[in-house]
Amino acid sequence: MRKIREVVLVEGRYDKNTLLQAVDATVLETGGFAIFHDREKRELLRRLARSRGLIVLTDSDGAGFVIRNYLKGALPGENVRQAYIPDIPGKERRKRAAGKEGKLGVEGMRPEVLLAALERAGATFEDGPERLEHGAPLTKADLYALGLSGGPDSALRRRQLLKQLELPERLTANGLLDVLNALYGREELFRLLGCGVSGAGSVPPADPE
């Protein structure tokens, strides 16, 4: 599976699931039109665009273009690329009926079609097991060792870390993992938190709010 340096932005979770069957990438979601009202997520996308580059991959219907055009004005154009899927009539298997325009969305595309769309957009493809710019990636085991998942205070610890790093507080543990790998990577984050590379030290104990 080919690996992409840029962060890819799609509309929803079904789009994300389909894309991750085609490429190895950090994939985030707009939540449909929710991005219009989510200032924190827009700021996160700006940060990711500056640090990694961002590829917008929305559906080819009218709603997809409304989202895409909105983002063109909300994000730094020099760091954002646009990937377009072809207009293919059809219906996704999970849906009872086709969309208003009768077109397949990102979730209905074959992997080779998505790969071709990203190639046309100028995606940067990387080889190797590690993220080149940040070294070895964080893992779910690292989040557990840092007390950020799987513990009674993990949700509070994540909120404190997100506030410290000026990231959206709504990020889940899995979303946090994706974003931390995109912005920092394992060793850089451990240095930032004052931890050893083994994870010893953890984040500061949670304080009651």
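Q: What covers the buried residues of helix 7 in this predicted model?
A: The cover includes strand 2, strand 4, helix 2, helix 5 (140-145), helix 6 and helix 8. The contacts behind that list are heavy atoms within 4.5 Å.

Q: What makes helix 7 a mostly covered helix?
A: Eight of its eleven residues are buried. They are Gly175, Leu176, Leu177, Val179, Leu180, Asn181, Ala182 and Leu183. Each of these counts as buried because its relative accessible area is under 20%. Just after helix 7 comes glycine 185, with a positive phi of about 90°.

Q: Which residues have the most contacts inside the largest nonpolar core?
A: They are Leu28, Leu54, Leu167 and Leu180, in a core of 34 residues. Strand 2, helix 2 (39-51), strand 5, helix 3 (62-74), helix 6 (154-164), helix 7 (173-183) and helix 8 (186-193) supply at least two residues each. Helix 7 gives the largest share, six residues.

Q: Why are these residues called a core?
A: The name applies because a nonpolar core is a set of buried nonpolar residues joined through side-chain atoms within 4.5 Å. In soluble globular proteins, nonpolar side chains tend to be buried together. Leucine 28 shows how such a residue is surrounded: beyond its neighbours within four places in sequence, leucine 28 is in contact with Val7, Val8, Leu9, Val10, Leu44, Leu45, Leu48 and Val179.

Q: Which residues does the second, separate core include?
A: Among its 21 residues are Val10, Ala83, Leu114 and Ala121.

Q: How do you know that both faces of strand 2 (residues 7-10) are covered?
A: Look at the two sides in turn. Val7 and Leu9 are buried on one side, and Val8 and Val10 are buried on the other.

Q: What makes strand 2 and strand 5 (residues 54-58) a pair?
A: They are joined over three bridges in the parallel sense. Pairing takes at least two bridges, so three are enough. Within this pair, valine 8 stands opposite isoleucine 55.

Q: How many bridges join strand 2 to strand 4 (residues 27-29)?
A: Three bridges join them, and the two strands run parallel. Here valine 10 stands opposite glutamate 29.

Q: What puts the buried residues of helix 3 on the same side?
A: The buried residues are Gly64, Ile67, Arg68, Leu71 and Ala74. They cover an arc of only 125° around the axis, so they lie on the same side of helix 3. These residues pack against strand 2, helix 2, strand 5 and strand 6 (80-84).

Q: How close is the span of helix 3 to the one expected?
A: Its 13 residues reach 19 Å from first C-alpha to last, close to the 18 Å expected at 1.5 Å a residue.

Q: Why is tyrosine 84 called partly exposed?
A: Its relative accessible area is 34%. Buried would need under 20% and exposed over 50%, so tyrosine 84 falls in between. Tyrosine 84 has its place in strand 6. Leaving aside neighbours within four places in sequence, its contacts are Phe65, Arg68, Lys72, Ala117 and Arg120. Leucine 118 is 34 residues away from tyrosine 84 in sequence and 8.0 Å away in space, C-alpha to C-alpha.

Q: Which elements have the lowest and the highest mean pLDDT?
A: Helix 7 has the lowest, at 82, and strand 2 the highest, at 98. For the protein chain the mean pLDDT is 86, with 88% of residues at 70 or more.

Q: Where does pLDDT stay under 50?
A: That happens over residues 128-132, for which the model has twelve contacts beyond four places in sequence. Where pLDDT is low, the predicted coordinates should not be read in detail.

Methods
Residues are numbered from 1 along each chain as its sequence is written. This is a predicted model: local features need pLDDT of at least 70, side-chain atom pairs count only at pLDDT 80 or more; totals for chains, interfaces and linings use all residues. Side-chain values use heavy atoms; hydrogens and water are left out. Buried means under 20% relative accessible area, exposed over 50%, partly exposed in between (1.4 Å probe, protein chains only). Helices (H or I, at least four residues) and strands (E, at least two) are DSSP runs, numbered from the N terminus. The expected span of a helix is 1.5 Å times one less than its number of residues. The arc is that of the directions from the helix axis to the C-beta atoms. pLDDT is the predictor's confidence in each residue, from 0 to 100.
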